[in-house]
Amino acid sequence: LRQNLVKLTADLDPKDIYDPLIEGGVFTFEDKERIDNEVIRADKAMELISVLCRKGPRAFGVFRDALKPKYPH
């Protein structure tokens with residue numbers, strides 16, 4: 001995550017991956033609301049990553065799988 005932080009915050013729109021993160025048990029609706037409180041999309045992406053980093057080791061795999069359909073690169 002750290003080595004791709006700039007690219008992630010530039011490209012990622014969190015709304016694209018909320019559902020898989022919630023379905024995967026990584027995010028809660030409260031996490032989604034916290035992220036959506038940010039106004040700028042890049043800030044939302046940064047907050048998403050910040051929340052993700054606090055979710056434990058399994059969270060990264062769910063995040064990676066959530067990215068694949070919309071962000072295959």
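Helices (H or I, at least four residues) and strands (E, at least two) are taken as DSSP runs, numbered from the N terminus. The structure is a predicted model, in which local features need pLDDT of at least 70, side-chain atom pairs count only at pLDDT 80 or more, and totals for chains, interfaces and linings use all residues. Residues are numbered from 1 along each chain as its sequence is written, and side-chain values use heavy atoms, with hydrogens and water left out.

Thr9 lies in α1. Thr9 counts as buried because its relative accessible area is 12%; buried means under 20%, exposed over 50%, and partly exposed in between (1.4 Å probe, protein chains only). Leaving aside neighbours within four places in sequence, Thr9 is in contact with Arg41, Ala42, Ala45, Met46 and Ile49. Contact here means heavy atoms within 4.5 Å. Lys7 is also placed in α1. Lys7 is exposed, with a relative accessible area of 51%. Its C-alpha atom is separated by 24 Å from that of Gly24, 17 residues apart along the chain.

Helix α4 has 13 residues. From first C-alpha to last it reaches 18 Å, close to the 18 Å expected at 1.5 Å a residue. The expected span is 1.5 Å times one less than the number of residues. Buried in α4 are Lys44, Ala45, Glu47, Leu48, Ile49, Val51 and Leu52. These buried residues pack against α1 (5-11), α2, α3 and α5.

The axes of α3 (residues 29-36) and α4 come within 8 Å and cross at roughly 145°. Axes are lines fitted to C-alpha atoms, for helices over the stretch in contact, and angles run from 0 to 180 degrees between N-to-C directions. On the α3 side, the contact is made by Asp31, Arg34, Ile35 and Asp36. On the α4 side, Lys44, Glu47, Leu48 and Val51 take part. By class, this contact has three nonpolar, no polar and five charged residues. Ala, Val, Leu, Ile, Met, Phe, Trp, Tyr, Cys and Pro count as nonpolar, Asp, Glu, Lys and Arg as charged, and the others, Gly among them, as polar.

The largest nonpolar core has 20 residues. Such a core is a set of buried Ala, Val, Leu, Ile, Met, Phe, Trp, Tyr and Cys residues joined through side-chain atoms within 4.5 Å. Among those with the most contacts inside the core are Leu12, Leu48 and Phe63. Beyond neighbours within four places in sequence, Leu12 is in contact with residues including Ile17, Leu48 and Tyr71.
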